[in-house]
Amino acid sequence: MILVILISSLSMFMSCCSTLFPDEKLSMQRKDYNGNEIKIDGYYYYFISDKQYNRAVVHFLYRNGMILSAGSFLGNDLNDIEKEMITYYDSFRKTDWGVFLVDSNIIKYEKVISADPAAGIQSFIIRELGYIDNDTTLHFTDSYSSKNNETKKIDKVWHFKQFDNKPDSTNVCIK
């Protein structure tokens, strides 16, 4: 009986999560990217190093103006990371997707970061702005988070790597 009550309560809470913690909406509109300022036949990555780990963060950019944050992977061997990355293709969530825009040599992207109801955190928007060094190097310098309505300076340099096994950008998350 207690188990039935617990399961019922949990089901009710989970169904109400979207009401209690609604997703923020992107302020940027998706727009097809028809330029040639950046390469899109692969992925962009940057490395993060701390005292314990080296990680590569991977993003895919698409002609339809979508960006996919494909994950953070331990190590710095891109061949190993690519093998691991492919195993995650079926598990992307709506908060892995966003939109990007290129205007001359300026690039910006925006995505929703997932809510964590257990921690009492609603979803929030992350927007990063930077410039295009060349067609294979993007330099992001400003980051905005709606979580605390804060803009801060950053120094993220994304590098391009050609990659034939790019996941499909078709999804129901962003129109």
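Biologist: Is serine 145 buried or exposed?

Modeller: In this predicted model, serine 145 counts as buried, because its relative accessible area is 12% and the cut-off for buried is under 20%.

Biologist: Which strand is serine 145 in, and what does its side chain reach?

Modeller: Serine 145 sits in strand β7, which covers residues 137-145, and its side chain reaches the backbone nitrogen of lysine 147 at a distance of 3.2 Å.

Biologist: And which residues does serine 145 touch, leaving out those up to four places away in sequence?

Modeller: With those sequence neighbours left out, serine 145 touches Phe124, Ile125, Ile126 and Glu150.

Biologist: How many bridges join β7 to β8?

Modeller: There are eight bridges between β7 and strand β8, the latter spanning residues 150-162, and the two strands run antiparallel.

Biologist: Zooming out, what do the strands form together?

Modeller: They form a closed barrel of eight strands, in the order β1-β2-β3-β4-β5-β6-β7-β8, with antiparallel pairing. On average, neighbouring strands of this sheet are turned by 30 degrees against each other, if direction is ignored.

Biologist: Where do β1 and β8 come in?

Modeller: β1 and β8 are joined by four bridges and run antiparallel, and within that pairing tyrosine 44 stands opposite phenylalanine 160 in β8.

Biologist: What is the bridge partner of tyrosine 44 in β2?

Modeller: In β2 the partner of tyrosine 44 is histidine 59. Strand β1, residues 42-49, is joined to β2 by six bridges in an antiparallel arrangement, where isoleucine 48 stands opposite arginine 55, and a hairpin of four residues connects β1 to β2.

Biologist: Which residue in β3 does histidine 59 stand opposite?

Modeller: Histidine 59 stands opposite serine 69 in β3. The pairing of β2 with strand β3, residues 66-74, is antiparallel and extends over seven bridges, and these two strands also form a hairpin, with four residues between them. In that turn, glycine 65 has a positive phi of about 85 degrees.

Biologist: How many residues of β2 are buried?

Modeller: Strand β2, residues 54-61, is mostly covered, with six of its eight residues buried. For the chain as a whole, 38% of the 175 residues count as buried.

Biologist: Last one: how do the elements run from the N terminus on?

Modeller: The order is α-β-β-β-α-β-β-β-β-β, so that, with helices and strands taken as DSSP runs, the chain has two helices and eight strands. As for contacts with a separation of 6 or more, residues 24 or more positions apart account for 54% of those in the chain.

Technical notes
Residues numbered from 1 in each chain as written. Predicted model: local features only at pLDDT ≥ 70, side-chain atom pairs only at ≥ 80, totals over all residues. Heavy atoms only, no water. Buried < 20%, exposed > 50% of the residue type's maximum accessible area, 1.4 Å probe, protein only. Pairing = 2+ DSSP bridges. Polar contact = N/O pair within 3.5 Å; in protein donor to acceptor, adjacent residues only side chain to side chain. Contact = heavy atoms within 4.5 Å. Axes fitted to C-alpha atoms, helices over the stretch in contact; angles between N-to-C directions.
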